Amino acid sequence: LKDCTKCHSVSYCGRDCQKADMKKHKKVCAAAAQAYAQTANVRPVTSRAPPKEGFRGGLQKWQFDT
């Protein structure tokens, strides 16, 4: 089952079930989403790992032996 991506208060067995229920669910979804946002334990994304030693960053120009 997949939760409503906005409010997480309703689960659907598939896209067809979600589409069939959307008219009714739409009326309560915004309020439920606000309540979910206040109580959800959301962690921010951590930064990436530090660059490897010798990495100069960005794209490097190709060097050809001529």
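Mentor: The largest nonpolar core has 5 residues, namely Cys4, Cys7, Tyr12, Cys29 and Ala33. This is a predicted model, where local features need pLDDT of at least 70, side-chain atom pairs count only at pLDDT 80 or more, and totals for chains, interfaces and linings use all residues. Residues are numbered from 1 along each chain as its sequence is written, and side-chain values use heavy atoms, leaving out hydrogens and water.

Trainee: What makes a set of residues a nonpolar core?

Mentor: The members are buried Ala, Val, Leu, Ile, Met, Phe, Trp, Tyr and Cys residues joined through side-chain atoms within 4.5 Å.

Trainee: Why is Cys7 called buried?

Mentor: Buried means under 20% relative accessible area, exposed over 50%, and partly exposed in between (1.4 Å probe, protein chains only). Cys7 has 2%, so Cys7 is buried. Cys29, at 7%, therefore counts as buried too.

Trainee: Why is His8 called partly exposed?

Mentor: The relative accessible area of His8 is 34%, so His8 is partly exposed.

Trainee: How do you know how many disulfides the structure holds?

Mentor: A disulfide is a pair of cysteine sulfur atoms within 2.5 Å. The closest cysteine sulfur to that of Cys7 is in Cys4, 3.7 Å away, so the two are too far apart for a bond. For Cys29 the closest is also in Cys4, at 3.8 Å, and therefore too far for a bond. The structure holds 0 disulfides.

Trainee: Which residues is Ala33 in contact with, leaving aside its neighbours within four places in sequence?

Mentor: Ala33 is in contact (heavy atoms within 4.5 Å) with Lys6 and Cys7.
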